[in-house]
Amino acid sequence: SLRARVVERSPLFDRMEGLYQNAFLISEKGVHGASGNSYAPFYFWNYADAMTNFLVGDKFKAVSQAFGRPAVTPWLSLYFSGGKAKHEKPVFATKEIIDIAPDTDLGQLRNQQYKLHRQWAEHPENQSGLIGLDANLWRMVRFALWTRPQERSADGVEAFEVLHLSAPGLDPKYFASPC
């Protein structure tokens, strides 16, 4: 089963060089509004070379052999931080992908997202949060880990169960980029 595989394989990521954190996520049809079953790990790397080494290495090869080679979207971090519950175990994740219109002022968009990011960081159940940019397809991701399930705030927000969090690079200090 997928749960057994995560229990078996996740410790391999707990001390991975260059990995900030990897959330092993699943969704199950009908649970928290999920329309289907999915396995959706979410990686956050300290630097690009670490991600490259993972993608050409044995661990990614094993994932590809088990599930097929997944599409990998490299998100540029607009904001990332640990929340008030940064030292607690997350059990729930939310992810929202938003298309960015061609006429959007990207600096203004970044400043607007800062407000949401700070709300997450100050929430007592937020473990961490990332707001990122895909400059290839011009999309933004809002991804957050929580210590308990959250209400779905909008359509398009996907919810996941966190089976495990590998966080070898967890830094308790807030280090999001300034506006």
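**Exercise 1. The largest cavity**

In this predicted model, α1 and α3 each supply at least two residues of the lining of the largest cavity; state how much space that cavity holds, which residues line it and how they divide by class.

*Solution.* Begin with the conventions: residues are numbered from 1 along each chain as its sequence is written, and side-chain values use heavy atoms, with hydrogens and water left out. Because the model is predicted, local features need pLDDT of at least 70 and side-chain atom pairs count only at pLDDT 80 or more, while totals for chains, interfaces and linings use all residues.

Next come the terms. Helices (H or I, at least four residues) and strands (E, at least two) are DSSP runs numbered from the N terminus. On a 1 Å grid over the protein atoms alone, a cavity is a set of points where a 1.4 Å probe fits but cannot get out, whereas a pocket is an open set with protein on both sides within 12 Å along at least five of seven lines; a lining residue has an atom within 4 Å of a point. Grid points are joined across faces, edges and corners, and the volume is the space filled by probe spheres set on the points.

By this rule there are two cavities of 30 Å³ or more, and the largest cavity holds about 100 Å³ of space. Its lining consists of R5, V6, R9, F13, F24, Y39, Y43, K59, V63 and F67. For the classes, Ala, Val, Leu, Ile, Met, Phe, Trp, Tyr, Cys and Pro count as nonpolar, Asp, Glu, Lys and Arg as charged, and the others, Gly among them, as polar. The lining then has seven nonpolar, no polar and three charged residues.

**Exercise 2. The partners of strand β7**

Work out which strands pair with β7 and why β7 can be called largely enclosed.

*Solution.* Two strands pair if DSSP finds at least two bridges between them. Eight bridges join β6 to β7 (residues 139-146), and the two run antiparallel; in this pairing G129 stands opposite A144 and L133 opposite M140. Eight bridges also join β5 to β7, again in the antiparallel sense, with K95 opposite F143. In the hairpin of β6 and β7, four residues lie between the strands, and W138 takes a positive phi near 50 degrees.

Now turn to burial, where buried means under 20% relative accessible area, exposed over 50%, and partly exposed in between (1.4 Å probe, protein chains only). Eight of the eight residues of β7 are buried, so the strand is largely enclosed by the rest of the structure. Both faces are covered, with R139, V141, F143 and L145 on one side and M140, R142, A144 and W146 on the other. Strand β6 is mostly covered as well, for nine of its nine residues are buried, and β6 also pairs with β4 in the antiparallel sense over six bridges.

**Exercise 3. One residue and the confidence**

Describe the surroundings of L19, then say where in the protein chain the confidence is lowest and highest by strand mean.

*Solution.* L19 lies in strand β1 (residues 19-27) and is buried, with a relative accessible area of 1%. Contact means heavy atoms within 4.5 Å, and, not counting residues up to four places away in sequence, L19 touches F13, Y43, F44, W45, N46, P168 and G169. L19 and G169 are 150 residues apart in sequence, yet 6.2 Å apart in space, C-alpha to C-alpha.

As for pLDDT, the predictor's confidence in each residue from 0 to 100, the protein chain averages 88, and 93% of the residues score at least 70. Confidence is lowest in strand β2 (residues 38-39), at a mean of 84, and highest in β7, at 96. Over residues 171-179, however, pLDDT stays under 50.
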